[in-house]
Each structure stands twice: as structure tokens, then as C-alpha cells.
2 protein chains.
Amino acid sequence: MNIVTTMRILGILLMLFSITMMPSILISALYKDGAHVAFITGMAITFITGFVTWLPVRNVRKELRTRDGFLVVVLFWTVLGLFGATPLFLAEHPALSFTDAVFESVSGLSTTGATVIVGLDSLPESILFYRQLLQWLGGMGIIVLAVAILPMLGIGGMQLYRAETPGPVKDNKLTPRITETAKALWYIYLSLTVTCALAYWFAGMSGFDAISHSFATVAIGGFSTHDASIGYFNSPAIELIAVAFMLISAVNFSLHFLAWRERSIRHYLHDPEFRFFIFLISTTVLGTIAVLWLTQTYDIGIAIRHGLFEVVSVATTTGFGVADFSQWPSVLPFTLFLAAFVGGCAGSTGGGMKVIRILLILKQGVREIKRLVHPSAIIPVKLGGRSVPDRVIEAVWGFFSVYLMLFVAMLIGLLATGLDQVTAWSAVGSALNNLGPGLGEVAAHYGNIPDVAKWILIVAMLLGRLEIFTLLVLFTPMFWRR
Amino acid sequence: MNIVTTMRILGILLMLFSITMMPSILISALYKDGAHVAFITGMAITFITGFVTWLPVRNVRKELRTRDGFLVVVLFWTVLGLFGATPLFLAEHPALSFTDAVFESVSGLSTTGATVIVGLDSLPESILFYRQLLQWLGGMGIIVLAVAILPMLGIGGMQLYRAETPGPVKDNKLTPRITETAKALWYIYLSLTVTCALAYWFAGMSGFDAISHSFATVAIGGFSTHDASIGYFNSPAIELIAVAFMLISAVNFSLHFLAWRERSIRHYLHDPEFRFFIFLISTTVLGTIAVLWLTQTYDIGIAIRHGLFEVVSVATTTGFGVADFSQWPSVLPFTLFLAAFVGGCAGSTGGGMKVIRILLILKQGVREIKRLVHPSAIIPVKLGGRSVPDRVIEAVWGFFSVYLMLFVAMLIGLLATGLDQVTAWSAVGSALNNLGPGLGEVAAHYGNIPDVAKWILIVAMLLGRLEIFTLLVLFTPMFWRR
Ligand SMILES: [K+]
Ligand SMILES: [K+]
């Protein structure tokens, strides 16, 4: 392992990250909310740690190898998650324990959006803004991670995208192609955020709320500045804007990149993952509306409005709320969680297992049945007219099974802390899929569960965000050899 | 499809099956329990239907093709399940609805052991014996299905056993090898049953209970003649005998066949599935005892006694009970159900996904991590020193994913009938894994759930018993072509 280069990168990351506390200092000064000391101290701690890490190795210049990518990516979310917690821990209001501060910070950076805080509406503006900014930065990291780094590392079948999608990355070296790609992707990410913020603002949000919620929308984060989330605004227009931007952000950014470069939307229509994603969302929305209406949970107008919003919010793994879906007829919360397990498209800010993997698993299931009837036939798994290499399918299977096993292992952990079954499975599912809200005791917030449970969920959020293997691989002796 | 030959086989099956109602008629006469009319009528209906089916095609002699095997196997469990319900439906005590009678019959033949009846202790002896006999016959069918037919059909990776295990079947033709194999296996099955019954009898059971429970033990069925199941006897000796025979019956019968033919037990020790099975059971037993003790659910003596029995009973998917494990600290019922999802070894009477498949999935997960670190290395999945063909691993994946998807689909179905989450998932899990007991509302019996839920569970029991694909393949247009 190239420890020196990693230190240099980590130092630079921390110093850059410390700058992101600056806006909150300004906002604190502007609103006189009293939280500026926490942010100044947090910024100082983060910057100094980064500087001290960087200083002794600042002159080392060495090309990063592919394998170093794992470590850099893991450090980004773990170390920044830890240092990101400093202002939250130091602030007087909300008075968070160390565990709660780390939970909130990791939940932000991983764009999970699970919160331990009740009483958002009365928090200092600078703290509120900081939480939203953490999500936005996390989303930015994910885009690069998902579109550029994971396919290169070959995580969970995502090498598929390296070979087959006409995406921006086809090269093997970490730099300089990554820089170029990252710039283009961030430009798209920024444009989406600005458009989304303007739309929210025109629809009636305050400037502060519009920017804050645009951050959480485009990052598929789900943090809000109000306990009632998007429901606070009680505005169909705002809900429709949220639905639109949640969907856009859950689509592979490579497709946005192509659409933008070629000024054409035909790539979307030809992409099998996009088509399957739209199919899944549409059928879940229609089914949910039907159940809400037939069970007389709502009359038809509200059923359509809430059904559409909640399904898109949960299925994209955003986690915004306008209605308490945990109180809906029990088949619906369960189905919505399933949709969150599927999650967004690969290369998006969405969580979950990703649509493409589920699609490949289904196709493989169909192939098995065909093979039973025609044992000697050679039946390829096809995606968009092309055969998918067996190597990719195996990687997807590996991902799927390890995902489930970790889910089950962490579920056992949560049950062992004494939580009931519904709370436990929904909390782990929500954290691992980077969704946010749960059911049972964690339907509204995560403040009341034991600390051990919170730490398990912190690990779950990181595992989910890092597509599991990025983190797991660091625990193999093999990785550290040579 | 060779419809005429299938009819002929079905007719013979029904006529033979009708004979199995004979013992109950004798027992009814012996105990004067009044249920003889139900059995005589049921036997007549079954025999006449069989005769009428067989008569027009009795002279057709045509070799069965491999593909016909699917249909015969499915007919065995569905048609016999239906006709097996006739005496239960016709009997005055218990007064079962049509749905309940079919549920009980399919639960018996599939060796699931889920019951809709409360008040077993006061039932006519002939009915009690009949339920146990259904399980024993089901177990007999499973042994042939699992050791001889499934590997030939290539279901879910079981072709592994065709090529690699030194089992009795290596041929491709359904007859006459199957007859020879079946005889040897049934001989082992019968010997185990007799030994088990004698052991129970020596340990203090009545002759009737000893035979009845030996049927349910060796078939991994779990039906009892008492509401309190094995707990009724309150005898450590009986519990130890049950534990021993549940374990033996959950092991691949090919290994028993070899041990018997070669007079040696070394095959067991060399079998990777057997070793992994013993490892899983041991760790689960130890962990469960530790939790029962540490949480002060029981003192150490009872913790060992109940922990050992319930883990073996649930992990082998037998479903006998001595304690109500659904009331244990919630992490335990969940973990026990997980063990039931793993289930018994392939080629045994046990249910679940089978140990070998879980072992292969774990090995594949480990391989994926190795591949991330060494992207260009060729890393085979090995089992007992030999490489497992990719084709087999793919089949196992296909099985695993379709199993989970059906579990989830049927779970949604049960939730839609209004059952709570714990009841719903445990009921589907129990039925699909052919376990028997559930949690929540179905911890004691299945009498109070809606009829629709019962029919979904009937399908689940059949799907589980037929290793899913045997049944699914019949619903493909491909299967019926040509
Ligand atoms: K989220
Ligand atoms: K059973």
C-alpha cells in the first residue's frame, strides 16, 4: 500500500473539507444564531489535522495505482464523516452526544438522511445549512465514485459500465482522466442543483429553504430543514418539482453527460437500466395509489398525490416525506422498502443495490429456467442487445449475496440490542440502502435507539454508500500484502 | 409432453396412494374412533379416480423422457396433496373446511408440519396416524426426488451431485436405474424409521406414539399426536433420540447409502456439505445456549436442553417443539429462522435452501473479494478439493435469487391479507422452507389466518418441496412446446 501518497491525499482532502465549514460561519454571523464558535473550532481542528498530515509528505509525487483507489475512497467517507461531526458535536444547540454527532455527519455525507435530531425547525440556521451541505458534498463524491472509480475497481459488476456504456471513463489510470471526468460530472451536478433551487424558489420556498432542499434533492439525501420535511410546505408544485429532480438524480449521470454533450435524449430511451427503472417506478406508483384508494386510506386525489411522492421518494432512496407511510396498510411500507433495496440507477446519487444489478439477476433467473428445458443450449444473458460477460454476472451475484448477508448480520446485531423486529429490519434496510426513514420506532427519527445500534447503522450507511466491497476489501490480508 | 404416459403414471399413483388409507381404516376399527367412514369414502374416491384415469391408457408403454420427470414429480405432490385431503375433509372430527383439509394434507405430504388443528390430543387415532403417515410418504418421495430426480433434471445446481458425489445415480434414463436406486434408498429410510420407533418406544413412548413420531422424525416433518409436540413427554431421553434422528435425516442419503454399502463412515468426514452442516449446527446451538443463559431466559441446564433441541429441530426444518422459541429474546427466533432458510443437506428429507447451496454462495462471495484485489487472476471455486463448474454455480445463484423473490412476493401476498409483518414473514419462511411453526399469530397453529393466506402458504409449501424450479418450469411456454 502506498501509505505516503495516501497521507498526502488525505491531508489535502481534510484541508479542502475544512473550507466547507466556511459558509456555515457566514450564515451563523448573518443570522446571529450563536453556532459560529462550533464551526470555527471545527474548521480549525479539521484544517490543522489535514495540514499536519500533509506537511511531512507534501513533496512526494507518485502515481496512484488502481488498488490505492479503494483506500482513498474509504478514507473520504470515514475520515470526513468523523471530522464532519466536530461542529455538530461542539454546537450547544442541538446538544448531540459524540455518537449522535457522528451518526448525523455520516448520515449526511453518505446521503442517507437518517436523523437523530427532533426539533429541526428551531435549530440554528448554520447547523441546518451545514447538514444540507454535507449531503450535497456527499452526493458530489458519489457521482465520481460511481461513474469513475467503482467501474475501474471492478466493484460488484460495475466494470460493465467501463466496457459497455459510452460513458466518459474508459481508461485505467486514476489521473488525469478522472479529473476531466469529474469536472464534467460536477458541472452537471451543479447545474441540476441550481435549476432545482430556482424551481423550489419560484414555487414558493424561501431562498434558504430552496437552496437547502435542492442540496438534499440532487444528492438524494433527504435531510430537511423542517421536522415535517417537504410536507411542511403543503404545496403540490413543490412536491412535483421534488419528484422530478429526485427521478433525474436517480438516473445514471453518464446518461446526463451524453445528453448534454450530444444535445439529445435518445440515450435515455436506449438504456436498458433507465427503461427498467422507469418501469419499476411506474408500476410501484400505480400499485400504491390503487391500494391507498381501495383501502380508503385517502380519497383518490390525495392517494395520487401522496402515493406518487412517497414512492418516488423511497424508491429513489431520497427519503423526503409528505405523509407518514409507515402508517399505511402494512403491505405498502414493505413494498416501498423493497423498492429502496432496488434503489437508483448505477452512476447516480441514489442508494440501494442499483437497478442494473436487479435487472441482471432477473435475467439470470429467467436463463436458469430456459436451461432446465433446454439443458444443452447456450443461452447468453443479454442487455441492450449485447451479451453480458459471465465475469460481470458473477460479480453481480457476489454483490447481491454479500449485500444480503451483511443486511442479515447487522439485523441480528440490532435485534440483539433489544429492538423489535420491524424497527430493526427497517433501520438496517434504510441505512444500508442509504434511504433515511425507517418503520416502527425509527419512523420519525433515530434519537431513541441504543448507541450500539447507532454505530451498527453508521457502519451500514458506509457499507451501502461504498458498495460494500470497497470497504470489505480493506479487511482482507491479501489487500495489504506486497 | 407425453400426456398419455403421464396419465397412466398418475392413475397408478392414485390407486397405490389409496392403499395408504387402509391402515387408518384398521386403526379406526381397532380404536372405534368413528372416523372409518371418512377413510373408506376417501379411499374409494381416490382409487376410482385413479382407475378411471388409468383404464383408457393402460396398454400404452412408452419410455419417459427426462422432461416428463418434471410433470410426474409435480403431480405427485399436487394431486396426492388434493386427494390426501379427502378423509380429513370428510371426517366429522376435526371438522375441517376444504381449505383447511388441503392445507393439512399438503403440509403433511410436503413434510412441512404446519397444522390448522388445535386439540390434537382429543382427535380420533386414525386421523392422527393418517397425518403422520402422510409425512412419512412425503419423506419417501423426497428422498427419491432429491437423490435421483432433481440432479437429473438439473435443478438449482444439483447436477453437482450427478457428476461428483459417488452416489447411486449416474445415469440419464428415468427407468430402470431409478427403481434400483429408489429401492436402496427406501431400505435405508425404512431402517431408520424402525430404529427410531424402537428407540422412542424404549425411552417410554407408547407404541402408537413411537411409530407416529418416528414417521414425522425421519421425514423431517414435525407433525405430532399432541398439541405440546415432543414437549408432551417431558423426557430428556426422548428429546436426545429426536435430536439424533433429526440430524441423521437431514444428511444426504447418498452418504448413508455409501456408509451402508461400504461399511465405513469416512464418506461423511470427507463430504464438504456434511462438515459445513455440522459446523453451522454446532455454532448455532452454542450461540443459542449462550444467549438463553446470559439473558437469564433459563438456567444453564434448561438452556442447554432447550437450546440444543430447538436449534436442531428448526435448523433441520423438522419443527418439533419442547419450548415456545417464539417467546425467546427476539434475536433468537430470527436466527433460528435463518438456520431454517439454510435447511438440511441436499438429498435429505430436510427443507430450506440446502447447506450445499449456501456453502457455494459463500465461497463465491469470497472469490469476488479475491478478484477485486487480483483482477486478472483465475480463481476457481473449490469444493472438496475439486473445482466447481461455473455452470453449477450459476444454477445455484439462479435458485437463490428466485427463492428470495418468491419469498418476497408471497410475503407481500400475506401482508395484503392484513397479517402483521412478523406473522407474515415467518409464515412464508416456514412454509417455503418446509419448517412448520411460525412466529406471532402462527406460533402455535395456522387455524386463524384468512383462507387466501392459507392458499398462498399451500403454494409456498409445494414450491419449497419441489425446489421451486420443478414447479416454475411448468409455467413456461417453452416447456409445453414440441
Ligand atoms: K437518502
Ligand atoms: K417440517
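Me: Let's start with A:C196. Is that residue buried or exposed?
Reply: A:C196 is buried, at a relative accessible area of 0%. Buried stands for under 20% relative accessible area, exposed for over 50%, and partly exposed for in between, with a 1.4 Å probe and protein chains only. One caution: this is a predicted model, where local features need pLDDT of at least 70, side-chain atom pairs count only at pLDDT 80 or more, and totals for chains, interfaces and linings use all residues. Residues are numbered from 1 along each chain as its sequence is written, chains are lettered from A and ligands numbered from 1 in the order in which they are written, and side-chain values use heavy atoms, leaving out hydrogens and water.

Me: OK, metals. Which protein atoms hold the potassium ion (ligand 1)?
Reply: The donors are the O atoms of A:T111, A:T112, A:I220, A:G221, A:T317, A:T318, A:N434 and A:L435, at 2.5 to 2.9 Å. Donors here are N, O and S atoms within 2.8 Å of the metal (3.2 Å for Na, K and Ca); water is not among the atoms, so sites may look incomplete.

Me: Where do A:I220 and A:T317 sit?
Reply: A:I220 is in the loop between α10 (207-218) and α11 (236-249) of chain A, and A:T317 is in the loop between α15 (300-315) and α16 (331-342) of chain A, so the pair ties together parts 97 residues apart in sequence. Helices are DSSP runs (H or I, at least four residues), numbered from the N terminus. A:I220 is buried at 0%, and A:T317 is buried at 0% too.

Me: Switching to rings, how many aromatic pairs are there over all chains?
Reply: The count is 60. Rings of Phe, Tyr and Trp (its six-membered ring) pair if their centres lie within 6.5 Å; planes under 30 degrees apart are stacked, over 60 edge-to-face, and the rest tilted.

Me: What about A:F399 and A:F469?
Reply: Their centres are 6.4 Å apart and their planes at 45°, so the pair is tilted. A:F399 is buried at 1%, and A:F469 is buried at 2%.

Me: Which charged end sits over the A:F399 ring?
Reply: That of A:R357, 3.6 Å from the ring centre. The rule asks for NZ of Lys or CZ of Arg within 6 Å of the ring centre and within 35 degrees of the ring normal.

Technical notes:
Helices (H or I, at least four residues) and strands (E, at least two) are DSSP runs, numbered from the N terminus.
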